[in-house]
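Open the model in your viewer and keep the selection panel at hand. The tour goes from one element to the next, then out to the whole chain.

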Amino acid sequence: MKLRTVLSELPIRGFDVADDVQLGWDMVVSPEWGAGERAEGVIRLGSRADLAQEGAPGQGEGLLLVYAQGGEEDAMGADARAPRESGVVYCWGDLAPSEFQDAFLGLVRRSGELGARRNQLFDCFLESYDMRQFAQRAAAVLENPVIISNTEHKILATAGTLPTSDDVCSSLEAGYITPEVERRMREDGVISSVRNARHSVLSERAGEKDRAVTSIIYHHRLEMGRFDVFEVTHAMTGLDLELVDFASDLAGIMIDRLGAAGGRLGKGSSILKDVLEGTFVSEDALRAHLDLLGLAADDTYVLLCVRGPADANEEYYARAGAIVQRGMPGVVWCVSGDALVLLVAVGSAGEVGFDAYERCERRLSRDRGLTQMLANNDMRAFTSEPFDDLLDMRRALRECRELSAAVHARGSARIVYLWRHRFEVIAHNAELAGVHDMLLDKRVVAMEAYDRAHGTSYLQTAVASVRFPGSPADAAEALSVHRNTYFYRVNKIDELFHLDLKDGDDRLAVSFASAVMEGLSGM
């Protein structure tokens, strides 16, 4: 039983310890009054007379709890102005010493109850495979409903019959501790109190009737989330708070094991993962939570699907994501399937037209941390179309995956943009659907077949005509032929294949079909 639990369970008006750190010590309540065997980790009850006769316990000799009926001066006497003895805890209250002794000795029985319930919680931990199971079993031991959330305020698990207050209902509906609830808890001082105390705190929140115990989940001194227990079916005591702290410690181990702590702890953004998996549908809540991560609501975004070696696993991509997060501002990441997924802000529109392609390429190409990571680890990043609606992320991820499947690893570019390989993706999807033949103008197909059979360059000439409209000199230079040769080929194209390169529809047929054919040849 923690010393703070001992003191919280006793009918006292105040106490004094030499060092607040002692409040977190685990103590065994001794049934002995006054003199008795001194042992480390044992707390005994005594009086000022016992203290005067025996002296303060030394290091490793446990603690002596000195009680006096009355106030602080009655308990401490002249010691109130003297340096504190580390082995003595003073307390005072209204009960007679004999009555207080009965209350203290009653803790012997209660400490046994606490030990049994701690063992039950540990068994819950050993028998649980996920957070949902652990929450359900822990709620049964704590005899009150539970909400477990991570560092991004995502609700990982709930159990028991939760209160129907607005705060609880709005959070359950959103799947996250909403920004409004979090703000109120900060203003009430609940969160700061828990962080400063490093243990659970029982509070009654402003505007709500229900009381709740809030505990910060830690693991290896890192904050992993929150463990909230609501006082619904069982009145919470100091013993219950100690049990909540123990359950919170166990939850920290599980969250770490499951990698569910969130992006703030190098585990990737659970918010982004929820959106990509289709379990987050409220754009307002999404924007509020991305705001916590420093992303502006009016930005344009792109999604990057980063792929590495064929044998790369989830742990490999999680490490890569942590590297990106440290060196690349304005990015949120998670591991989805067999890739690292990055949500990158590329800024807001700077003009009336569409400059997002340019902004994206400038943003990514100038980020040396990203480009070096890709090059050093033989990775490629496949980039979606830019988007403003954050709920378009699932579509954007599909675009990234289709781009990855169509382009593969051809070429030396580490960052592959959809808008530069659009026709290859179209060709790939059409091939998969078995309808690629419908995309091709058969006159262009015949031209390509003729070139292969006769060693001519009519298709190359037609493409140059499209790429250099109204500039025969530039087209001829690109083909490395004389202007007369260029004009001869253009006329033969009309004669042999019935494609008039002065006609807009025929030029479009050449451009589209040749791009699709190039994509098909790449496969």
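Helices (H or I, at least four residues) and strands (E, at least two) are DSSP runs, numbered from the N terminus. This is a predicted model, in which local features need pLDDT of at least 70 and side-chain atom pairs count only at pLDDT 80 or more, while totals for chains, interfaces and linings use all residues. Residues are numbered from 1 along each chain as its sequence is written, and side-chain values use heavy atoms, with hydrogens and water left out.

Buried stands for under 20% relative accessible area, exposed for over 50%, and partly exposed for in between (1.4 Å probe, protein chains only). An α-helix has 3.6 residues a turn, so residues three or four places apart point the same way.

Next, pick Phe354, Tyr357, Tyr417 and Trp419, which ring pairs link into a cluster. Rings of Phe, Tyr and Trp (its six-membered ring) pair if their centres lie within 6.5 Å; planes under 30 degrees apart are stacked, over 60 edge-to-face, and the rest tilted. The whole structure holds 11 aromatic pairs. One of them, Tyr316 with Tyr317, is edge-to-face, at 5.5 Å centre to centre and 80 degrees between the planes.

Show its contacts (heavy atoms within 4.5 Å). Beyond neighbours within four places in sequence, Tyr317 touches Val306, Arg307, Gly308, Pro309, Ala312, Trp333, Val335, Asp338, Ala339, Leu340 and Met379.

The protein chain has 22 helices and 15 strands, and its C-alpha atoms fill a box of roughly 120 × 45 × 40 Å along the principal axes. Buried residues account for 48% of the 523 residues. Of the contacts between residues at least 6 apart in sequence, 61% join residues at least 24 apart.
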